Amino acid sequence: MKKTFALFLALILTMTVLASSAFAGTVMMFPLKLQANPTTGYDWKFTMSEEGVVSLADGEFTLDSKEPQMVGVGGFYQYMVVGEKEGEMTLTCAYLQNDDPTTTVVSLSYTFTVDADLNVYCLGCEVGLQ
């Protein structure tokens, strides 16, 4: 069951990455939408290969559509990757439980470059399933 959920989550995240890539280009911010269900105890943890090149803004959680009596419904976090200084870095997003790296279900590694005008470009994303 856990493996099926991980594969489903990876498929959703891959589709989100492909959709978000359409926004890569001459924009100041890059949208990052990550599926999640905080009721499970799992959440996203972020690490940056180099601090100060980009920052994450917002992080607002939106519930998926649900019936009025349903509990435990998932949703997604919407972040904006904002250019802070010129450079290149990798942002790793790990979906794990209670900050325990041994519980990682899926990880995403985005490579970003920021130009002198602070435009953010996504150079690619790697998906890892545990």
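# Reading a predicted seven-strand chain

Q: Where is Leu 118 found?
A: Leu 118 sits in the loop between β6 and β7. Strands (E, at least two residues) and helices (H or I, at least four) are DSSP runs, numbered from the N terminus. Phi of Leu 118 is near 70 degrees, a positive value in a residue other than glycine. Most residues other than glycine have a negative phi. Leu 118 is partly exposed, at 25% relative accessible area. The scale: buried is under 20%, exposed is over 50%, partly exposed is in between (1.4 Å probe, protein chains only).

Q: Which strand holds Asp 58, and what is its phi?
A: Asp 58 belongs to strand β3. Its phi is near 75 degrees, again positive without being glycine. Asp 58 counts as exposed, at 67% relative accessibility.

Q: What conventions apply to these values?
A: This is a predicted model, so local features need pLDDT of at least 70 and side-chain atom pairs count only at pLDDT 80 or more, while totals for chains, interfaces and linings use all residues. Residues are numbered from 1 along each chain as its sequence is written, and side-chain values use heavy atoms, with hydrogens and water left out.

Q: What is the average pLDDT of the protein chain?
A: pLDDT is the predictor's confidence in each residue, from 0 to 100. Here the protein chain averages 83, and 78% of the residues score at least 70. Residues 18–25 fall below 50. Beyond near neighbours in sequence, that stretch has eight contacts in the model. A contact means heavy atoms within 4.5 Å.

Q: How many helices and strands does the protein chain have?
A: The count is one helix and seven strands. Along the sequence the pattern reads α-β-β-β-β-β-β-β. Of the 130 residues in the protein chain, 38% are buried. Among contacts with a separation of 6 or more, 62% join residues 24 or more positions apart.

Q: In what order do the four strands of the open sheet stand?
A: Pairing requires at least two DSSP bridges between two strands. The order is β2-β5-β6-β7, with antiparallel pairing. β2 (42–48) and β7 (120–129) stand at the edges with a single partner strand each, so one side of each has no neighbour in the sheet. The twist averages 20 degrees from one strand to the next. For that angle, axes are lines fitted to C-alpha atoms (for helices, over the stretch in contact), and values run from 0 to 180 degrees between N-to-C directions.

Q: How many bridges join β5 to β6?
A: Nine bridges join β5 (residues 87–97) to β6 (residues 106–114), and the two run antiparallel. Thr 92 in this pairing stands opposite Ser 109 in β6.

Q: Why is β1 described as largely enclosed?
A: Six of the eight residues of β1 (residues 29–36) are buried, so the rest of the structure largely encloses this strand. β1 pairs with β4 (residues 75–83) in the antiparallel sense, over eight bridges. Ala 36 stands opposite Gly 75 in β4.

Q: Is Cys 93 buried or exposed?
A: Cys 93 is buried, at 0% relative accessibility. It lies in strand β5. Leaving aside neighbours within four places in sequence, its contacts include Leu 32, Leu 34, Trp 44, Phe 46 and Tyr 110. The C-alpha atoms of Cys 93 and Tyr 110 are 8.2 Å apart, across 17 residues of chain.

Q: How many disulfides are there?
A: A disulfide is a pair of cysteine sulfur atoms within 2.5 Å. The count here is zero. Cys 122 is in no disulfide, and the nearest cysteine sulfur, that of Cys 125, is 6.6 Å away. That is too far for a bond. Cys 122 is buried at 14%, whereas Cys 125 is partly exposed at 24%.

Q: Which residues form the salt bridge?
A: Side chains of opposite charge can pair when their charged atoms come close. The rule asks for a side-chain nitrogen of Lys or Arg within 4 Å of a carboxyl oxygen of Asp or Glu. The structure holds one salt bridge. Glu 50 pairs with Lys 85, with the closest N and O atoms 3.8 Å apart. Glu 50 lies in the loop between β2 and β3 (54–63) and Lys 85 in the loop between β4 and β5, so the pair ties together parts 35 residues apart in sequence. Glu 50 is partly exposed at 34%, and Lys 85 is partly exposed at 38%.
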